[in-house]
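I opened this entry to record what I looked up, element by element. The notes follow the order in which I worked.

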Amino acid sequence: MFTFVFQRVIFNIVNFSKTKSLYRDGMSPVVKSTSRPKWQRLPTKNVYYYRCPDHRRNYVMSFAFCFDREDDVYQFAYCYPYTYTRLQHYLDSLERRNLDYLQREQLGLSVQQRRLDLLTITSPAQQNPEKVKKLVVLTARVHPGESPASFICQGVIDFLVSQHPVAQTLRDHVIFKIVPMLNPDGVYLGNYRCSLMGFDLNRHWQEPSPWAHPTLHAVKQLIVQLSQDPKVGLEFYIDVHAHSTMMNGFMYGNVFEEEERVQRQAVFPRLLCHNAPDFSFSNTSFNRDVVKAGTGRRFLGGLLDDTSYCYTLEVSFYSYMAAGSTSPVPYTEDTYMKLGRNVARTFLDYYRHNNFIDDKPQIPNHINSMEVLSQGRQGNGNWNGRTSGGERGAERKNQSIIGEY
Ligand SMILES: [Zn+2]
(Lines give C-alpha, C1' and ligand atoms only; values in the text may rest on other atoms or scores of the structure.)
Protein backbone atom coordinates (compact mmCIF):
# COMPACT_ATOMS: atom_id res chain seq x y z
CA MET A 1 0.00 0.00 0.00
CA PHE A 2 1.42 3.37 -0.99
CA THR A 3 1.07 6.08 1.62
CA PHE A 4 2.52 9.53 2.09
CA VAL A 5 3.87 10.86 5.35
CA PHE A 6 1.28 11.52 8.03
CA GLN A 7 -1.44 9.88 6.02
CA ARG A 8 -4.12 8.56 8.35
CA VAL A 9 -5.76 5.27 7.45
CA ILE A 10 -8.65 3.47 9.11
CA PHE A 11 -8.39 -0.31 8.97
CA ASN A 12 -11.57 -2.38 9.33
CA ILE A 13 -11.04 -6.00 10.32
CA VAL A 14 -14.35 -7.77 9.75
CA ASN A 15 -16.11 -10.99 10.75
CA PHE A 16 -15.32 -11.29 14.43
CA SER A 17 -18.01 -13.49 15.93
CA LYS A 18 -17.62 -12.95 19.67
CA THR A 19 -19.53 -10.30 21.57
CA LYS A 20 -17.02 -10.39 24.34
CA SER A 21 -13.56 -9.28 23.36
CA LEU A 22 -10.53 -7.84 25.08
CA TYR A 23 -10.75 -5.06 22.48
CA ARG A 24 -13.53 -3.78 24.69
CA ASP A 25 -11.17 -3.75 27.67
CA GLY A 26 -8.39 -1.79 26.04
CA MET A 27 -6.55 -4.34 23.93
CA SER A 28 -5.12 -3.08 20.65
CA PRO A 29 -3.23 -4.64 17.73
CA VAL A 30 0.56 -4.53 17.69
CA VAL A 31 2.68 -2.72 15.11
CA LYS A 32 6.30 -2.52 14.05
CA SER A 33 8.14 -0.83 11.23
CA THR A 34 11.57 -1.09 9.68
CA SER A 35 13.03 1.71 11.78
CA ARG A 36 11.23 0.52 14.95
CA PRO A 37 11.53 -3.26 14.80
CA LYS A 38 10.16 -3.99 18.29
CA TRP A 39 6.45 -4.85 18.31
CA GLN A 40 4.37 -2.38 20.27
CA ARG A 41 0.70 -2.08 21.06
CA LEU A 42 -1.21 0.68 19.27
CA PRO A 43 -2.84 3.39 21.37
CA THR A 44 -6.06 2.03 22.83
CA LYS A 45 -8.06 5.11 22.01
CA ASN A 46 -7.63 4.50 18.28
CA VAL A 47 -9.32 1.08 18.45
CA TYR A 48 -13.07 0.36 18.14
CA TYR A 49 -14.98 -2.93 18.38
CA TYR A 50 -18.64 -2.92 17.34
CA ARG A 51 -21.41 -4.94 15.73
CA CYS A 52 -21.93 -4.09 12.08
CA PRO A 53 -25.16 -4.58 10.05
CA ASP A 54 -23.11 -4.62 6.83
CA HIS A 55 -21.34 -7.79 7.92
CA ARG A 56 -24.22 -10.05 8.93
CA ARG A 57 -24.27 -8.35 12.33
CA ASN A 58 -20.83 -9.76 13.07
CA TYR A 59 -18.29 -7.59 14.83
CA VAL A 60 -15.77 -5.27 13.24
CA MET A 61 -12.56 -4.05 14.83
CA SER A 62 -11.47 -0.72 13.41
CA PHE A 63 -8.30 1.12 14.16
CA ALA A 64 -6.89 4.39 12.95
CA PHE A 65 -3.22 4.66 12.15
CA CYS A 66 -0.97 7.47 11.04
CA PHE A 67 1.95 6.45 8.81
CA ASP A 68 4.66 8.75 10.07
CA ARG A 69 7.79 7.70 8.19
CA GLU A 70 7.89 7.65 4.43
CA ASP A 71 10.54 4.96 3.89
CA ASP A 72 9.33 2.56 6.57
CA VAL A 73 7.52 -0.70 5.91
CA TYR A 74 4.86 -1.27 8.59
CA GLN A 75 3.48 -4.56 9.87
CA PHE A 76 0.43 -5.13 12.07
CA ALA A 77 -0.55 -8.18 14.08
CA TYR A 78 -3.21 -9.38 16.49
CA CYS A 79 -0.59 -10.13 19.14
CA TYR A 80 3.22 -10.45 19.28
CA PRO A 81 4.02 -13.00 16.55
CA TYR A 82 6.03 -16.13 17.29
CA THR A 83 6.62 -17.92 14.01
CA TYR A 84 7.65 -21.44 13.06
CA THR A 85 10.92 -19.98 11.75
CA ARG A 86 11.59 -18.23 15.04
CA LEU A 87 11.06 -21.48 16.91
CA GLN A 88 13.43 -23.32 14.58
CA HIS A 89 16.14 -20.69 15.10
CA TYR A 90 15.62 -20.86 18.86
CA LEU A 91 15.81 -24.67 18.93
CA ASP A 92 18.88 -24.63 16.65
CA SER A 93 20.60 -22.23 19.05
CA LEU A 94 19.76 -24.48 22.00
CA GLU A 95 21.13 -27.50 20.17
CA ARG A 96 24.40 -25.72 19.41
CA ARG A 97 25.04 -25.36 23.14
CA ASN A 98 25.55 -29.13 23.38
CA LEU A 99 23.98 -29.39 26.82
CA ASP A 100 24.11 -32.92 28.12
CA TYR A 101 20.72 -32.52 29.79
CA LEU A 102 18.89 -31.36 26.66
CA GLN A 103 17.84 -33.56 23.79
CA ARG A 104 16.01 -32.41 20.67
CA GLU A 105 14.32 -34.87 18.37
CA GLN A 106 11.90 -34.86 15.50
CA LEU A 107 8.82 -36.59 16.82
CA GLY A 108 7.08 -36.48 13.47
CA LEU A 109 6.15 -34.30 10.51
CA SER A 110 3.12 -32.19 9.76
CA VAL A 111 0.95 -32.67 6.68
CA GLN A 112 3.16 -30.14 4.87
CA GLN A 113 6.29 -31.87 6.18
CA ARG A 114 7.26 -29.37 8.84
CA ARG A 115 9.09 -30.54 11.93
CA LEU A 116 7.23 -31.62 15.04
CA ASP A 117 9.92 -31.00 17.63
CA LEU A 118 10.23 -32.71 21.00
CA LEU A 119 12.63 -31.52 23.68
CA THR A 120 13.63 -33.69 26.62
CA ILE A 121 15.25 -31.88 29.54
CA THR A 122 16.67 -33.90 32.43
CA SER A 123 20.03 -34.72 34.03
CA PRO A 124 21.61 -37.69 32.30
CA ALA A 125 22.88 -39.18 35.57
CA GLN A 126 20.38 -40.93 37.81
CA GLN A 127 20.84 -39.42 41.28
CA ASN A 128 18.96 -42.14 43.07
CA PRO A 129 18.38 -45.36 41.10
CA GLU A 130 15.71 -46.45 43.59
CA LYS A 131 13.58 -43.44 42.86
CA VAL A 132 11.50 -43.26 39.67
CA LYS A 133 11.83 -39.87 38.03
CA LYS A 134 8.70 -37.77 37.68
CA LEU A 135 7.64 -36.79 34.19
CA VAL A 136 6.11 -33.49 33.09
CA VAL A 137 4.74 -33.12 29.55
CA LEU A 138 4.09 -29.67 28.16
CA THR A 139 2.65 -28.77 24.75
CA ALA A 140 1.87 -25.43 23.07
CA ARG A 141 0.43 -23.92 19.89
CA VAL A 142 -2.21 -26.55 19.13
CA HIS A 143 -4.13 -23.36 18.32
CA PRO A 144 -1.75 -21.63 15.97
CA GLY A 145 -2.95 -18.05 16.51
CA GLU A 146 -2.24 -18.21 20.24
CA SER A 147 1.29 -16.88 20.01
CA PRO A 148 1.57 -15.93 23.73
CA ALA A 149 1.70 -19.69 24.37
CA SER A 150 5.06 -19.82 22.58
CA PHE A 151 6.56 -17.08 24.72
CA ILE A 152 5.44 -18.96 27.82
CA CYS A 153 6.85 -22.19 26.43
CA GLN A 154 10.19 -20.53 25.66
CA GLY A 155 10.21 -19.06 29.17
CA VAL A 156 9.78 -22.58 30.59
CA ILE A 157 12.57 -23.96 28.40
CA ASP A 158 14.97 -21.06 29.06
CA PHE A 159 14.56 -21.54 32.79
CA LEU A 160 14.88 -25.33 32.73
CA VAL A 161 18.11 -25.31 30.69
CA SER A 162 19.64 -22.52 32.80
CA GLN A 163 22.23 -22.79 35.56
CA HIS A 164 19.70 -21.54 38.12
CA PRO A 165 19.94 -23.85 41.19
CA VAL A 166 16.20 -24.50 41.06
CA ALA A 167 16.53 -25.64 37.44
CA GLN A 168 19.47 -27.91 38.34
CA THR A 169 17.51 -29.54 41.15
CA LEU A 170 14.49 -30.00 38.92
CA ARG A 171 16.59 -31.67 36.23
CA ASP A 172 17.95 -34.11 38.80
CA HIS A 173 14.48 -35.32 39.77
CA VAL A 174 12.17 -34.62 36.88
CA ILE A 175 12.07 -35.35 33.14
CA PHE A 176 10.49 -32.56 31.10
CA LYS A 177 9.12 -33.48 27.68
CA ILE A 178 8.14 -30.39 25.73
CA VAL A 179 6.43 -30.10 22.34
CA PRO A 180 6.69 -26.36 21.64
CA MET A 181 4.58 -26.30 18.48
CA LEU A 182 1.84 -28.89 18.07
CA ASN A 183 0.41 -27.34 14.91
CA PRO A 184 3.38 -26.10 12.83
CA ASP A 185 1.41 -25.89 9.54
CA GLY A 186 -1.26 -23.72 11.14
CA VAL A 187 1.39 -21.43 12.58
CA TYR A 188 3.21 -21.17 9.25
CA LEU A 189 0.01 -20.42 7.36
CA GLY A 190 -1.12 -17.78 9.84
CA ASN A 191 -4.26 -19.68 10.87
CA TYR A 192 -5.90 -18.64 14.10
CA ARG A 193 -7.36 -21.92 15.28
CA CYS A 194 -7.14 -24.69 12.68
CA SER A 195 -4.64 -26.95 11.01
CA LEU A 196 -3.85 -26.94 7.27
CA MET A 197 -6.89 -29.15 6.63
CA GLY A 198 -9.26 -27.04 8.68
CA PHE A 199 -9.33 -29.16 11.84
CA ASP A 200 -9.38 -27.75 15.33
CA LEU A 201 -6.80 -30.25 16.57
CA ASN A 202 -7.84 -29.69 20.15
CA ARG A 203 -11.09 -31.51 19.42
CA HIS A 204 -9.46 -34.63 17.98
CA TRP A 205 -7.56 -36.18 20.86
CA GLN A 206 -9.94 -39.12 21.09
CA GLU A 207 -9.06 -40.56 17.71
CA PRO A 208 -6.39 -38.59 15.86
CA SER A 209 -5.77 -39.83 12.33
CA PRO A 210 -2.15 -40.43 11.28
CA TRP A 211 -2.79 -38.77 7.89
CA ALA A 212 -5.21 -35.95 8.82
CA HIS A 213 -3.78 -35.06 12.25
CA PRO A 214 -0.23 -36.48 12.14
CA THR A 215 1.29 -34.18 14.77
CA LEU A 216 -1.50 -34.81 17.26
CA HIS A 217 -1.33 -38.54 16.52
CA ALA A 218 2.41 -38.57 17.26
CA VAL A 219 2.06 -36.63 20.52
CA LYS A 220 -0.79 -38.81 21.72
CA GLN A 221 1.19 -41.97 20.97
CA LEU A 222 4.13 -40.55 22.91
CA ILE A 223 1.99 -39.70 25.95
CA VAL A 224 0.23 -43.08 25.95
CA GLN A 225 3.58 -44.84 25.74
CA LEU A 226 5.06 -42.72 28.54
CA SER A 227 2.03 -43.36 30.74
CA GLN A 228 2.71 -47.09 30.47
CA ASP A 229 6.42 -46.85 31.14
CA PRO A 230 7.21 -48.18 34.65
CA LYS A 231 10.55 -46.34 34.65
CA VAL A 232 8.91 -42.92 34.84
CA GLY A 233 5.93 -41.44 36.67
CA LEU A 234 3.90 -39.27 34.34
CA GLU A 235 2.43 -36.68 36.66
CA PHE A 236 1.66 -33.53 34.68
CA TYR A 237 0.30 -32.75 31.27
CA ILE A 238 -0.01 -29.02 30.59
CA ASP A 239 -1.26 -27.61 27.29
CA VAL A 240 -0.58 -23.89 26.84
CA HIS A 241 -3.12 -21.57 25.19
CA ALA A 242 -4.03 -17.89 24.97
CA HIS A 243 -7.43 -16.44 25.79
CA SER A 244 -9.23 -13.74 23.80
CA THR A 245 -11.70 -12.58 26.44
CA MET A 246 -10.10 -13.10 29.87
CA MET A 247 -7.32 -11.29 31.68
CA ASN A 248 -4.40 -12.82 33.61
CA GLY A 249 -2.92 -16.26 33.43
CA PHE A 250 -5.17 -19.03 34.75
CA MET A 251 -5.85 -22.74 34.36
CA TYR A 252 -8.61 -25.12 33.46
CA GLY A 253 -8.64 -28.49 35.15
CA ASN A 254 -10.91 -31.52 35.31
CA VAL A 255 -13.78 -32.35 37.62
CA PHE A 256 -13.50 -35.31 39.97
CA GLU A 257 -15.93 -36.96 42.37
CA GLU A 258 -13.39 -37.43 45.17
CA GLU A 259 -12.79 -34.27 47.14
CA GLU A 260 -9.26 -35.36 47.98
CA ARG A 261 -8.37 -35.52 44.29
CA VAL A 262 -9.97 -32.13 43.68
CA GLN A 263 -7.78 -30.65 46.38
CA ARG A 264 -4.66 -32.33 45.01
CA GLN A 265 -5.41 -30.93 41.55
CA ALA A 266 -5.68 -27.41 42.99
CA VAL A 267 -2.18 -27.51 44.54
CA PHE A 268 -0.17 -26.62 41.44
CA PRO A 269 -2.32 -23.63 40.39
CA ARG A 270 -2.31 -22.38 43.99
CA LEU A 271 1.49 -22.53 44.13
CA LEU A 272 1.74 -20.86 40.73
CA CYS A 273 -0.56 -18.10 41.93
CA HIS A 274 1.89 -17.49 44.78
CA ASN A 275 4.87 -17.37 42.42
CA ALA A 276 3.46 -15.39 39.48
CA PRO A 277 1.82 -12.01 40.12
CA ASP A 278 -0.07 -12.25 36.84
CA PHE A 279 -1.53 -15.71 37.51
CA SER A 280 -5.01 -15.82 38.99
CA PHE A 281 -6.25 -18.76 41.04
CA SER A 282 -9.72 -17.23 41.22
CA ASN A 283 -9.99 -17.34 37.42
CA THR A 284 -8.87 -20.98 37.45
CA SER A 285 -11.78 -23.38 37.00
CA PHE A 286 -12.58 -27.04 36.72
CA ASN A 287 -15.20 -28.27 34.25
CA ARG A 288 -16.46 -31.17 32.18
CA ASP A 289 -18.38 -29.50 29.35
CA VAL A 290 -19.38 -31.82 26.55
CA VAL A 291 -17.79 -29.50 23.94
CA LYS A 292 -14.42 -29.94 25.60
CA ALA A 293 -14.44 -33.71 25.42
CA GLY A 294 -11.88 -33.85 22.59
CA THR A 295 -9.36 -31.53 24.23
CA GLY A 296 -5.99 -32.77 25.42
CA ARG A 297 -6.73 -31.92 29.01
CA ARG A 298 -10.06 -33.76 29.07
CA PHE A 299 -9.01 -36.78 27.05
CA LEU A 300 -5.73 -37.37 28.84
CA GLY A 301 -7.41 -36.68 32.17
CA GLY A 302 -9.52 -39.76 31.49
CA LEU A 303 -6.61 -41.83 30.22
CA LEU A 304 -4.00 -41.19 32.90
CA ASP A 305 -4.29 -42.55 36.42
CA ASP A 306 -5.51 -40.62 39.42
CA THR A 307 -2.04 -39.46 40.41
CA SER A 308 -1.70 -37.44 37.20
CA TYR A 309 -2.90 -33.92 36.54
CA CYS A 310 -3.94 -32.45 33.22
CA TYR A 311 -4.36 -28.71 32.83
CA THR A 312 -4.88 -26.13 30.18
CA LEU A 313 -2.76 -23.11 30.98
CA GLU A 314 -4.36 -19.99 29.55
CA VAL A 315 -2.92 -16.52 29.31
CA SER A 316 -4.67 -13.35 28.24
CA PHE A 317 -3.95 -11.94 24.79
CA TYR A 318 -3.97 -8.58 26.50
CA SER A 319 -3.23 -7.95 30.15
CA TYR A 320 -3.19 -8.88 33.79
CA MET A 321 -4.23 -7.19 36.99
CA ALA A 322 -1.32 -7.03 39.40
CA ALA A 323 -2.04 -7.01 43.11
CA GLY A 324 -2.94 -3.55 44.30
CA SER A 325 -3.21 -2.05 40.84
CA THR A 326 -6.41 -0.57 39.53
CA SER A 327 -5.73 -0.75 35.83
CA PRO A 328 -4.73 -3.69 33.66
CA VAL A 329 -1.05 -4.09 32.80
CA PRO A 330 -0.61 -5.07 29.14
CA TYR A 331 1.53 -8.15 28.62
CA THR A 332 4.75 -7.84 26.70
CA GLU A 333 6.83 -10.60 25.09
CA ASP A 334 9.00 -10.50 28.18
CA THR A 335 6.19 -10.76 30.73
CA TYR A 336 4.75 -13.74 28.84
CA MET A 337 8.20 -15.38 29.09
CA LYS A 338 8.35 -14.55 32.79
CA LEU A 339 5.12 -16.42 33.33
CA GLY A 340 6.82 -19.40 31.67
CA ARG A 341 9.79 -19.13 34.02
CA ASN A 342 7.44 -18.94 36.98
CA VAL A 343 5.58 -22.04 35.78
CA ALA A 344 8.89 -23.91 35.57
CA ARG A 345 10.10 -23.01 39.04
CA THR A 346 6.70 -23.82 40.56
CA PHE A 347 7.46 -27.49 39.90
CA LEU A 348 10.14 -27.32 42.59
CA ASP A 349 7.65 -25.91 45.10
CA TYR A 350 5.21 -28.61 44.09
CA TYR A 351 7.66 -31.48 44.50
CA ARG A 352 8.90 -30.11 47.80
CA HIS A 353 5.32 -29.74 48.97
CA ASN A 354 4.83 -33.42 48.17
CA ASN A 355 8.16 -34.36 49.75
CA PHE A 356 9.37 -35.82 46.49
CA ILE A 357 12.30 -33.42 46.48
CA ASP A 358 13.70 -33.06 49.97
CA ASP A 359 17.28 -32.00 49.37
CA LYS A 360 17.37 -28.26 49.78
CA PRO A 361 19.72 -26.68 47.25
CA GLN A 362 21.77 -23.75 48.44
CA ILE A 363 19.76 -21.01 46.85
CA PRO A 364 20.65 -17.45 47.75
CA ASN A 365 17.73 -15.51 49.20
CA HIS A 366 17.60 -13.02 46.40
CA ILE A 367 17.06 -15.84 43.91
CA ASN A 368 14.63 -17.79 46.01
CA SER A 369 12.40 -14.83 46.64
CA MET A 370 9.45 -14.17 44.41
CA GLU A 371 10.30 -13.05 40.95
CA VAL A 372 8.43 -9.81 40.54
CA LEU A 373 7.12 -8.84 37.17
CA SER A 374 7.92 -5.46 35.83
CA GLN A 375 4.88 -3.32 36.45
CA GLY A 376 5.88 -0.79 33.83
CA ARG A 377 3.69 -0.14 30.88
CA GLN A 378 5.36 -0.74 27.61
CA GLY A 379 6.20 2.71 26.32
CA ASN A 380 4.57 3.24 22.99
CA GLY A 381 4.60 6.95 22.75
CA ASN A 382 6.18 6.64 19.32
CA TRP A 383 3.00 5.59 17.69
CA ASN A 384 0.87 8.50 16.60
CA GLY A 385 2.40 10.50 19.37
CA ARG A 386 0.14 9.04 22.02
CA THR A 387 0.50 6.68 24.91
CA SER A 388 -1.75 3.77 25.59
CA GLY A 389 -4.01 3.75 28.56
CA GLY A 390 -6.43 1.48 30.31
CA GLU A 391 -9.36 3.83 29.93
CA ARG A 392 -11.62 1.10 28.74
CA GLY A 393 -10.69 -1.31 31.46
CA ALA A 394 -13.98 -0.90 33.31
CA GLU A 395 -15.15 -4.45 33.01
CA ARG A 396 -12.21 -6.61 33.91
CA LYS A 397 -12.98 -8.82 36.83
CA ASN A 398 -15.14 -11.86 37.30
CA GLN A 399 -15.74 -12.33 33.63
CA SER A 400 -17.66 -15.47 32.94
CA ILE A 401 -15.53 -18.21 31.51
CA ILE A 402 -16.22 -18.68 27.86
CA GLY A 403 -14.36 -21.67 26.53
CA GLU A 404 -11.69 -20.32 24.24
CA TYR A 405 -9.55 -23.35 23.90
ZN1 LIG B 1 -6.56 -22.28 22.49
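**Strand pairing and a kinked helix**

I began with serine 33, whose bridge partner in E3 is arginine 36. I then noted that strand E2, residues 30-33, pairs with E3 in the antiparallel sense over three bridges. The model I am reading is predicted.

Next I looked up the sheet to which this pair belongs. Three strands make up an open sheet, in the order E3-E2-E6, with antiparallel pairing. I recorded strand E3 (36-41) and strand E6 (74-77) as the edge strands, since each pairs on one side only. From one strand to the next, the twist averages 15 degrees.

I then turned to helix H6, residues 259-275. H6 has 17 residues, and I read a reach of 25 Å from its first C-alpha to its last, close to the 24 Å expected at 1.5 Å a residue. Where does H6 have its kink? I found a kink of about 30 degrees at valine 267, shortly before proline 269.

Which residues of H6 are buried? I listed Gln265, Phe268, Pro269, Leu271, Leu272 and Cys273. Among the elements that cover the buried residues of H6, I noted strand E12 (249-253), strand E14 (309-316) and helix H8 (333-353).

Last, I checked the confidence of the prediction. The protein chain has a mean pLDDT of 87, and 87% of its residues reach 70 or more. Over residues 364-405 I found that pLDDT stays under 50. For residues 364-405 the model has 85 contacts beyond four places in sequence.

Terms used: Residues are numbered from 1 along each chain as its sequence is written. This is a predicted model: local features need pLDDT of at least 70, side-chain atom pairs count only at pLDDT 80 or more; totals for chains, interfaces and linings use all residues. Two strands pair if DSSP finds at least two bridges between them. Helices (H or I, at least four residues) and strands (E, at least two) are DSSP runs, numbered from the N terminus. Axes are lines fitted to C-alpha atoms, for helices over the stretch in contact, and angles run from 0 to 180 degrees between N-to-C directions. pLDDT is the predictor's confidence in each residue, from 0 to 100. Two residues are in contact if their C-beta atoms, placed from the backbone, lie within 7 Å. The expected span of a helix is 1.5 Å times one less than its number of residues. The bend at a residue is the angle between axes fitted to the seven residues ending there and the seven starting there. A residue is buried if 20 or more other C-beta atoms lie within 10 Å of its own, exposed if 12 or fewer, and partly exposed in between; C-beta atoms are placed from the backbone.
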